[in-house]
Amino acid sequence: MDRLEKIVLVFASGLLGVFFLALLAAARLQKIEVPPCLPPEVKPFKEGRVDTLPDGRRQLFYVAQMWRFDPEVVEVPVGKPIDIFLSAKDVTHGFYLSWSNANLMAIPGAVNAYTVTLDKPGVYPIICHEYCGSAHQNMVAYLIAQ
Ligand SMILES: [Cu+2]
């Protein structure tokens, strides 16, 4: 191997290491974490519901189906964590909670989850971002934070 090739190889490897460390640092600063596995007792569900835990924490179980989310309108407290569980009845749908990092796929037979805290009061639309059929654009629900 030529000396220049070795230098380029060492430089490229070092740069790769710097990029990787920058990625880890950015993820840590942004508090981005790999989502944890769901507990085994969380099974796919067919009906949407809202649970309030004894400490006041809300758990929202959303079911996506052509062309709506169930539940459609939910009131949540501002500044408290909200656990979102999501499943689908028919086909794959999307779930994007506007002005937040909650962006999930609703997959039939599976449950996806995310925890979000809404710090400002307001109406947060939830939209389907996966084309799921002819009335896909009507698929919207609302979280009302107050
Ligand atoms: Cu959809």
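This is a predicted model: local features need pLDDT of at least 70, side-chain atom pairs count only at pLDDT 80 or more; totals for chains, interfaces and linings use all residues.
## A loop residue to start with

W99 is found in the loop between strand 6 and strand 7. Helices (H or I, at least four residues) and strands (E, at least two) are DSSP runs, numbered from the N terminus. W99 is not a glycine, although its phi is positive, about 60 degrees. With 11 C-beta neighbours inside 10 Å, W99 counts as exposed.

Residues are numbered from 1 along each chain as its sequence is written.

## Two domains

The protein is divided into domain 1 (1-34) and domain 2 (49-145). These bounds come from an automatic or database domain assignment. The C-alpha centres of domain 1 and domain 2 lie 37 Å apart.

## Helix 1 and the residue after it

Helix 1 covers residues 3-29, 27 residues in all. From its first C-alpha to its last it reaches 39 Å, close to the 39 Å expected at 1.5 Å a residue. That expected span is 1.5 Å times one less than the number of residues. The number of buried residues in helix 1 is 0, so the helix lies largely in the open.

K31 follows helix 1. Its place is in the loop between helix 1 and strand 1 (49-52). K31 is not a glycine, yet its phi is positive, about 60 degrees. K31 has 7 C-beta neighbours inside 10 Å and counts as exposed.

An open sheet of 5 strands runs in the order 4-10-9-6-7, with mixed pairing. Two strands pair if DSSP finds at least two bridges between them. Strand 4 (73-76) and strand 7 (103-106) stand at the edges. Each has a single partner strand, so one side of each is left without a neighbour in the sheet. The twist averages 20 degrees from one strand to the next. Axes here are lines fitted to C-alpha atoms, for helices over the stretch in contact, and angles run from 0 to 180 degrees between N-to-C directions.

Strand 6 (residues 93-97) pairs with strand 7 in the antiparallel sense, over 4 bridges. The bridge partner of H93 in strand 7 is A106.

## The nonpolar core

The largest nonpolar core has 24 residues. Such a core is a set of buried Ala, Val, Leu, Ile, Met, Phe, Trp, Tyr and Cys residues joined through C-beta atoms within 7 Å. L60, Y62, A64, L86 and F95 touch the most other members. Strand 2 (58-65), strand 5 (81-88), strand 6, strand 7, strand 9 (122-127) and strand 10 (140-145) each supply at least two residues of this core.

F95 touches Y62, A64, L86, L104, A106, I126 and C128, not counting residues up to four places away in sequence. Contact means that the C-beta atoms, placed from the backbone, lie within 7 Å.

The peptide bond from M66 to W67 is cis, with omega near -10 degrees. W67 is found in the loop between strand 2 and strand 3. A cis peptide bond also joins D70 and P71, with omega about 5 degrees. P71 has its place in the loop between strand 3 and strand 4.

R68 lies in strand 3 (residues 68-70). It has 17 C-beta neighbours inside 10 Å and counts as partly exposed. R68 and Y142 are 74 residues apart in sequence and 11 Å apart in space, C-alpha to C-alpha.

Technical notes: A residue is buried if 20 or more other C-beta atoms lie within 10 Å of its own, exposed if 12 or fewer, and partly exposed in between; C-beta atoms are placed from the backbone. Two residues are in contact if their C-beta atoms, placed from the backbone, lie within 7 Å.
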